[in-house]
Amino acid sequence: MDEQKFDIIIEIRTLNGGLTRYLKDASPNSRIVSYDITPQIEHAQLIECGIEVKIVNIFGDKEVTNQEALDILKSSGKKLILCDGGNKPNEFNILSQYVKSGDFIMGHDYAKTSKYFREHINGRAWNWLELEDVQIENSCAEYNLVD
C-alpha cells in the first residue's frame, strides 16, 4: 500500500474488522467506508478509530441501490474497492461499473483459476477460493479493467 495512496477505501463486509484495521494502519489518511449487513461488537472500536462502518445492503440485482454508497463511488479522488462479502463475483461485477481511471478494485479469496489455486495457494497461503477470472472477465472487458 506504500506505492498507492487512496483518498477513499470502500470495503464490502467488515465482519470483526481485521482487514479494516490493517487498512487504517496502512493508509491513515484515507477515508475508509466499510459496508456490512450484520452488526458486530467490534464495529464500535472501528468507528472510534475513524472508520465509517455502515450496516446496510448497498446492492440490488445489477447495481448499487444505496444513494450514499453511490455518492461515494461516484465522488472524485482515487479509490480502492475491496469485495469481501458473501458473493464476491456479484460484488465485483456490480462495483466494477463505478471504477474510474486510477482506481483499484480487488476481490478477497481470489485466484486466477481454480487450477492455479489448487497448485499454488490452497494450504499454503489460504484455503478459500471464492473469486476467479472466469467469474469477472466480462466486467473486466466491458469496463476496460486491467490486471
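Contact here means heavy atoms within 4.5 Å. This is a predicted model, so to speak: local features need pLDDT of at least 70, side-chain atom pairs count only at pLDDT 80 or more, and totals for chains, interfaces and linings use all residues. Residues are numbered from 1 along each chain as its sequence is written, and side-chain values use heavy atoms, with hydrogens and water left out.

**View 1. His43 and its neighbours.** His43 sits in helix H2, residues 43–48 (helices are DSSP runs of H or I, at least four residues, and strands are runs of E, at least two, numbered from the N terminus). Leaving aside residues up to four places away in sequence, His43 touches Thr14, Leu15, Asp36, Thr38, Val53 and Ile55. His43 is buried, at 4% relative accessible area (buried is under 20%, exposed over 50%, partly exposed in between, with a 1.4 Å probe and protein chains only).

**View 2. The open sheet.** Five strands line up as S3-S2-S1-S4-S5, with parallel pairing (two strands pair if DSSP finds at least two bridges between them). At the edges are S3 (52–55) and S5 (104–107), each pairing on one side only. Neighbouring strands are turned by 15° against each other on average, direction ignored (axes are lines fitted to C-alpha atoms, for helices over the stretch in contact, and angles run from 0 to 180 degrees between N-to-C directions).

**View 3. S1 beside S4.** S1 (residues 8–12) and S4 (residues 79–83) run parallel, paired over five bridges. Ile9 has Leu80 in S4 as its bridge partner. Helix H4 (residues 88–95) packs on the sheet and touches S1, S4 and S5, its direction making about 155° with that of S4.
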